[in-house]
Amino acid sequence: MLNIGICDSDSSFIEQLYNSLDECMKFLHSDWNVSRFLNVRDFQSAVKTGAFQGTLLFADPSLKDESNNSLATYISQFCPQIDAIFVTSTPDLVFDYSPSNIYGWLSKPLDPNQLQRLLSQYMNQRPIDCHCLNITINADNYSIPLHSIRYIESRKRQVIVHTANQDYEYYQTLQQLEQDLAPHGFLRCHKSYLVPISGITRYTATTLYLGTVTIPIGRAYKDQVKQRTDAALPTGALICMQGIYAGAITHLCANQVIVIGRDGECADFVLNFPQISRIHCELLYDAQKRQYQITDYSTNGTFTDKGNRLAKGEPYLLKPGSKLYFADRQLIYQLG
């Protein structure tokens with residue numbers, strides 16, 4: 001089941017988006033449903049009570065709760081398990097909010113073709129997780145979807161599997177669970193705790209944060225936690241603002257060089273257009289300095305939004321918010 005949420009203050013737009021989704025899903029996914037929210041309060045309440053256990057949320061990032069906190073910030077901090085697609089008439093808002101669980105954006109008024117492209121891409125890249133943890137408690141069998149697990153705790157000879165709605169306590173060793181769940185993105189951070197990497201929102205030297213839940217980091221696990229968490233938490237973003245891929249957000253891991261180009265065997269980020277070189281340019285996000293380094297290697301050039309062409313082979317430093325286009329203005333990107 002693909003559980004989709006729509007949060008927007010305009011009820012007529014919600015119905016328009018629902019109808020467009022209905023048309024798209026006839027070809028993409030047969031088992032789905034939609035929950036509608038007209039304000040942030042209703043969405044927060046549904047998340048906290050478990051009434052909404054969605055996989056994908058379409059949301060207006062400008063919405064705020066009674067305390068003037070934005071919906072986008074709430075999603076980033078407390079709903080790491082939900083992929084969000086922003087729907088906005090102000091694309092610059094996408095630049096302001098680009099945490100790792102923001103999958104893409106749609107412009108208002110709604111373009112059904114843009115929705116179709118983004119949904120098709122999402123369904124291909126984020127298949128519905130059907131993996132479950134199968135356990136037995138007092139002769140009763142349970143299948144717990146892995147995406148619903150917040151963390152797993154060990155107490156003496158038992159473990160407790162914590163989910164949003166229920167805790168499951170049974171006899172098992174954390175070591176065995178670590179072996180079984182490591183291939184599915186779970187991380188041992190302490191002798192008594194196992195957590196899903198996708199649920200981590202931030203960490204310090206001693207503590208992991210999974211939304212509002214805090215988990216200690218054991219001294220023996222610090223290096224492992226840092227290595228795997230840094231690799232899993234994207235900190236930069238390349239946001240397509242104009243062109244056929246408008247709405248797509250590509251997250252960049254800190255200090256990881258990505259190659260942009262036409263050749264899928266050489267490039268990490270493929271733009272399959274004749275004017276794009278096989279290896280067009282390289283992009284790196286320096287998280288410590290909060291800046292990007294880009295080096296052009298192309299025939300037709302990489303340009304800033306002011307039309308300035310980057311000198312071939314020379315690294316340039318750009319700030320978040322800078323706009324780029326490659327070879328021509330068909331595709332314009334913004335650095336998040």
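**A tour of the aromatic rings**

Begin by selecting Phe 37, Phe 43, Phe 52 and Tyr 74, which ring pairs link into a cluster. This is a predicted model, in which local features need pLDDT of at least 70 and side-chain atom pairs count only at pLDDT 80 or more, while totals for chains, interfaces and linings use all residues. Residues are numbered from 1 along each chain as its sequence is written, and side-chain values use heavy atoms, with hydrogens and water left out.

The structure holds twelve aromatic pairs (rings of Phe, Tyr and Trp, the latter by its six-membered ring, with centres within 6.5 Å; planes under 30 degrees apart are stacked, over 60 edge-to-face, the rest tilted). Select next Tyr 245 and Phe 273, an edge-to-face pair with 6.2 Å centre to centre and 75° between the planes. Tyr 245 lies in the loop between strand 16 (236-242) and strand 17 (249-252), and Phe 273, 28 residues apart from it, in the loop between strand 19 (269-270) and strand 20 (281-286) (strands are DSSP runs of E, at least two residues, numbered from the N terminus). Tyr 245 is partly exposed at 31% relative accessibility, whereas Phe 273 is buried at 17% (buried is under 20% relative accessible area, exposed over 50%, partly exposed in between; 1.4 Å probe, protein chains only).

Move on to Phe 269 and Tyr 333, edge-to-face at 5.7 Å centre to centre and 80° between the planes. This pair joins strand 19 to strand 25 (residues 332-335), 64 residues apart. Phe 269 is buried at 11%, as is Tyr 333 at 2%.

Finally, select Arg 36, whose charged end sits over the ring of Tyr 18, 4.6 Å from its centre (CZ of Arg or NZ of Lys within 6 Å of the ring centre and within 35 degrees of the ring normal). The charged end of Lys 108 sits over the ring of Phe 13, 4.6 Å from its centre.

Methods
Helices (H or I, at least four residues) and strands (E, at least two) are DSSP runs, numbered from the N terminus.
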